[in-house]
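Please look through the sequence and the 3D structure shown here before reading on. The report that follows describes selected features one after another.

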Amino acid sequence: LPAGALAAIALWLPAGAGATLLTLPYAIACALFGLHGLGRLAARGLRVPAEVATAAGLVLWPGGALWLLAHRAGVDLLGYPPLWVGLTAAHFHVAGAFLPIIVGRAVVGRAVVGRGRVAGAVAIVAVLAVPLTAAGIAGPRWLEQAAALTMATAGLGGALVLLTRGALARVAGAALIATMILAAQYASRGCLAPL
């Protein structure tokens, strides 16, 4: 939490050395999260999809931190301008790490077989949609749209899982439904009529 607080403060500073130094502890913490995720995968295997998704989200978390660190340093990572680097950092955190972790954790260790399978599948799709989205951004437009719609579908599935949980999770699920509908509409621009 302290490292995250420093990174949040860095968002209010102009890009440069100061913002980079404040973000560095968060990037190191995220690298440790990634190592922990790899350890979970090695220890628990690939048998339980919700567990795999939770661990994979931890493994993907350092990717978001790398993009955030580049954003705070003012680096045009992979040729993207600073605004897109910042947006990619946010997307990597939310869609690439938090969604599979939260959906996976919603059922890990619970004796809810049907919901556990659905949540695990949703979380795995969210994990797989991350590299698919990256390939789509670098590749043809149809692949980008398919990847974005896959991610939005995973988000909607995650929202439905959250709606079956406690009150706070239901609020998060409702917000996720609204944002994923907007994401799907944006992703489908040019190929579908407006929703």
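Predicted model: local features only at pLDDT ≥ 70, side-chain atom pairs only at ≥ 80, totals over all residues.

Residues are numbered from 1 along each chain as its sequence is written, and side-chain values use heavy atoms, with hydrogens and water left out.

H3 has a kink as well, of about 25 degrees at Val59, shortly before the proline Pro62. The table sets the two helices side by side; the expected span of a helix is 1.5 Å times one less than its number of residues.

| Helix | Residues | End-to-end C-alpha distance | Expected span |
|---|---|---|---|
| H2 | 28 residues (17-44) | 40 Å | 40 Å |

A glycine with a positive phi comes after H2, namely Gly45 at about 75 degrees, and H3 is followed by Gly74, whose phi is positive, near 80 degrees.

## Burial and the nonpolar core

Buried means under 20% relative accessible area, exposed over 50%, and partly exposed in between (1.4 Å probe, protein chains only). In H2, the buried residues include Ala19, Thr23, Tyr26 and Ala27, and H3 is mostly covered, with 19 of its 25 residues buried.

A nonpolar core is a set of buried Ala, Val, Leu, Ile, Met, Phe, Trp, Tyr and Cys residues joined through side-chain atoms within 4.5 Å. The largest one has 39 residues, and Tyr26, Trp61, Trp67, Leu99, Val103, Met151 and Leu176 touch the most other members. H4 gives the most to this core, with nine residues. Contact means heavy atoms within 4.5 Å, and, not counting residues up to four places away in sequence, Val103 touches Ala119, Val122, Ala123, Gly158 and Val161.

## Residues outside the helices

Leu78 is placed in the loop between helix H3 (49-73) and helix H4 (82-107). Its phi is near 55 degrees, a positive value in a residue other than glycine, although most residues other than glycine have a negative phi. Leu78 counts as exposed because its relative accessibility is 70%.

Ser188, in the segment after helix H7 (167-187), counts as buried because its relative accessibility is 3%. The side chain of Ser188 reaches the backbone oxygen of Gln185 at 3.1 Å, and, leaving aside its neighbours within four places in sequence, Ser188 is in contact with Gln145 and Leu149.

Leu163 lies in the loop between H6 and H7 and is partly exposed, with a relative accessible area of 31%. Leu163 touches Arg170, Gly173, Ala174 and Ile177, again not counting residues up to four places away in sequence. The C-alpha atoms of Leu163 and Ala17, 146 residues apart along the chain, are separated by 42 Å.

## Confidence

The predictor's confidence in each residue is given as pLDDT, from 0 to 100. The protein averages a pLDDT of 85, and 92% of the residues score at least 70. Confidence is lowest in helix H5 (residues 113-138), at a mean of 76, and highest in H2, at 95.

Definitions and conventions
Helix = DSSP H or I, 4+ residues; strand = E, 2+ residues; numbered from the N terminus. Polar contact = N/O pair within 3.5 Å; in protein donor to acceptor, adjacent residues only side chain to side chain. Bend = angle between axes of the 7 residues up to and from the residue.
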